Amino acid sequence: MIVLFYIVATISIFSATAVITRMRPFTSVCWLGLFYLSLSILCAMLSAPLVAILHLIVSISLIAAFILVAMTLSGIGEGRTRVMHFGMILGAAAAGYLVIVLVLAIIRSPITETPLVGLSFESPVRSAIALMNEYAMPFAALGFLILTSVLAITALLDDPRAEELK
Amino acid sequence: MEITTQHYLVLGVILFALGAVGAVTRRNMLVVLMSIGMMLSSSLLVFLAFARVNLLPAGKSIVVIVMGLIIVELAVGLALVMSAHRRSGSTLIDDFSLLKG
């Protein structure tokens, strides 16, 4: 277990360093995906498989958004040929290893049904009960923040040329 | 040899410091945004480590809420980057000095 921790910790530190040292934003986004994957495994190792799965889902959506923005801004995918560097091959191998470890960690992790006394986030039902009862206020505040952010994004990305086009 | 809370705390601090270095030193808005996301994500690790020690679900509930905050922050940040690129054609921080005193 300690060996696995050190491997995952090394991958996470290495990928975090690559995120801030790569010159091209698209490469940084790829390394950020590896960083988020390693964090999901660390969450699974901390006896929180549900949080690990949630983190994985959130990070996949974030990486997809980052990749789209990076491709839009840097013009990747316009017919230019890319060369696979050694670092990209290394990162892909590390990502494959982490995916296997994450799947094994989630499959082998005992998600036990805890009694209703007290709160637990180890199963979706318990999570829903806890969020709707004990943590209703921060959960509602988070929903309000998400609504505000959607309105802010709509206002920010409002294209002034749309009126002219009409 | 067991994995203790100190292991996770040290790792969280290292990752937070790397994110802070990236947020301060890089000039590209997108990379700065990624660095801030890294800082927030490393805080999740610390919350989970303390939640495991204290056997309290509060840490995990905070993790779920912080995840939502990360989504909100990065979504608005990406919209700002796109808006800035549309207005000035650049995503470098040095090109924006409107509020410079």
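The model is predicted, so local features need pLDDT of at least 70 and side-chain atom pairs count only at pLDDT 80 or more, while totals for chains, interfaces and linings use all residues. Residues are numbered from 1 along each chain as its sequence is written, chains are lettered from A in the order in which they are written, and side-chain values use heavy atoms, with hydrogens and water left out.

**The interface**

Let's start where the chains meet. Chain B and chain A bury about 4,700 Å² between them, with 83% of it on carbon and sulfur atoms; buried area is the accessible area (1.4 Å probe) that two parts lose on being put together, summed over both. In chain B, the residues that lose the most area to chain A are B:Met34, B:Met38 and B:Arg86, together 13% of what that side buries. H1, H2 and H3 of chain B each give two or more residues to this side, and H3(B) supplies the largest share, 23 residues. Helices here are DSSP runs (H or I, at least four residues) numbered from the N terminus.

| Interface item | Value |
|---|---|
| Residues from chain B in contact (heavy atoms within 4.5 Å) | 52 residues |
| Residues from chain A in contact | 54 residues |
| Salt bridges between chain B and chain A | 0 salt bridges |

**A salt bridge within chain B**

A salt bridge is a side-chain nitrogen of Lys or Arg within 4 Å of a carboxyl oxygen of Asp or Glu. Over all chains the count comes to 1. B:Arg27 pairs with B:Asp94 in a salt bridge, their closest N and O atoms being 2.6 Å apart. The partners sit 67 residues apart, B:Arg27 in the loop between helix H1 (5–25) and helix H2 (29–54), and B:Asp94 in the segment after helix H3 (58–88) of chain B. B:Arg27 is partly exposed, at 42% relative accessible area; buried means under 20%, exposed over 50%, and partly exposed in between (1.4 Å probe, protein chains only).

**A buried glycine**

B:Gly12 lies in helix H1 of chain B and counts as buried at 3% relative accessibility. Leaving aside residues up to four places away in sequence, B:Gly12 touches B:Ser42, B:Leu45 and B:Val46. Its C-alpha is 8.4 Å from that of B:Leu44, 32 residues apart along the chain.

**Helix H3 of chain A**

Helix H3 of chain A (residues 49–74) has 26 residues and reaches 36 Å from first C-alpha to last, close to the 38 Å expected at 1.5 Å a residue, where the expected span is 1.5 Å times one less than the number of residues. Its buried residues include A:His55, A:Ser59, A:Leu62 and A:Phe66.
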